[in-house]
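Trainee: I have a new model open and I'd like to learn how to read it feature by feature. Could you walk me through it?

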Amino acid sequence: MRTVEFKMERPGLVSAGDVVNIIEREGTSSYSYIIDPAVAMSGCFAARDRIKSPTGVVREVRENSRGFYVVVDFDE
């Protein structure tokens, strides 16, 4: 099991327990991920740390002073 945090700009787009699909974006030296359709975005990952599973389950949605964060569990 792998847990990844995604930044979400506004609330209510996903809820705990939702199954989400991700899209991988390749940068010049790293990879980032978007919860489809444009719900939230991950940070950058090195090639050795790429997410292998295309789907995950939302564990929780958190809010703090910096915004909303989606915590997703991937089965890998």
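Mentor: We'll go from the overall fold to the barrel, the core and then a few loop residues.

Mentor: Some ground rules to begin with. This is a predicted model, so to speak: local features need pLDDT of at least 70, side-chain atom pairs count only at pLDDT 80 or more, and totals for chains, interfaces and linings use all residues. Residues are numbered from 1 along each chain as its sequence is written, and side-chain values use heavy atoms, with hydrogens and water left out.

Trainee: Fine. How many helices and strands are in the protein?

Mentor: Elements here are DSSP runs numbered from the N terminus: helices are H or I with at least four residues, strands are E with at least two. The protein has zero helices and six strands, giving the pattern β-β-β-β-β-β along the sequence. The radius of gyration is 12 Å, close to the 11 Å of the globule rule for 76 residues, so the protein is as compact as a globular protein of that length. That radius is taken over C-alpha atoms, and the rule is 2.2 Å times the number of residues to the power 0.38. The C-alpha trace spans about 30 × 25 × 20 Å along its principal axes.

Trainee: How do the strands pair up, and in what order do they run in the barrel?

Mentor: Two strands pair if DSSP finds at least two bridges between them. Here six strands make a closed barrel in the order 1-4-3-2-5-6, with antiparallel pairing. Take strand 6 as your reference. Strand 1 pairs with strand 6 in the antiparallel sense over seven bridges; in that pairing Val4 stands opposite Val72, and Thr3 has Asp73 as its bridge partner. On the other pairing, seven bridges join strand 5 (residues 55-64) to strand 6, again antiparallel, and Val61 stands opposite Val70. A hairpin through two residues links strand 5 to strand 6.

Trainee: Is strand 6 mostly covered or open, and how many of its residues are buried?

Mentor: Buried means under 20% relative accessible area, exposed means over 50%, and partly exposed lies in between (1.4 Å probe, protein chains only). Strand 6 is mostly covered, with eight of its eight residues buried. Keep the general rule in mind too: in a regular strand the side chains alternate between the two faces of the sheet. For the protein as a whole, 38% of the 76 residues count as buried.

Trainee: Which residues have the most contacts inside the largest nonpolar core?

Mentor: A nonpolar core is a set of buried Ala, Val, Leu, Ile, Met, Phe, Trp, Tyr and Cys residues joined through side-chain atoms within 4.5 Å. The largest one has 18 residues, and Phe6, Ile35, Val70 and Val72 have the most contacts inside it. Strand 1 (2-8), strand 2 (19-26), strand 3 (31-36) and strand 6 (67-74) each supply at least two of its residues, and strand 6 gives the most, with four.

Trainee: Now the loops. Where does Ser42 lie, and is Ser42 buried or exposed?

Mentor: Ser42 lies in the loop between strand 4 (40-41) and strand 5, and at 8% relative accessibility Ser42 counts as buried. A polar contact is a pair of N or O atoms within 3.5 Å; within protein, one must be able to donate a hydrogen and the other to accept it, and residues adjacent in sequence count only if both atoms are side-chain atoms. In this case, a polar atom of the Ser42 side chain lies 2.8 Å from the backbone nitrogen of Tyr33. Leaving aside neighbours within four places in sequence, Ser42 is in contact with Glu5, Phe6, Ser32 and Tyr33.

Trainee: What should I look for in backbone geometry?

Mentor: Most residues other than glycine have a negative phi, and most peptide bonds are trans. The loop between strand 3 and strand 4 holds Pro37, and the peptide bond from Asp36 to Pro37 is cis, with omega near 5°. Ala38 is found in that loop as well, with a positive phi near 50°.

Methods:
Contact = heavy atoms within 4.5 Å.
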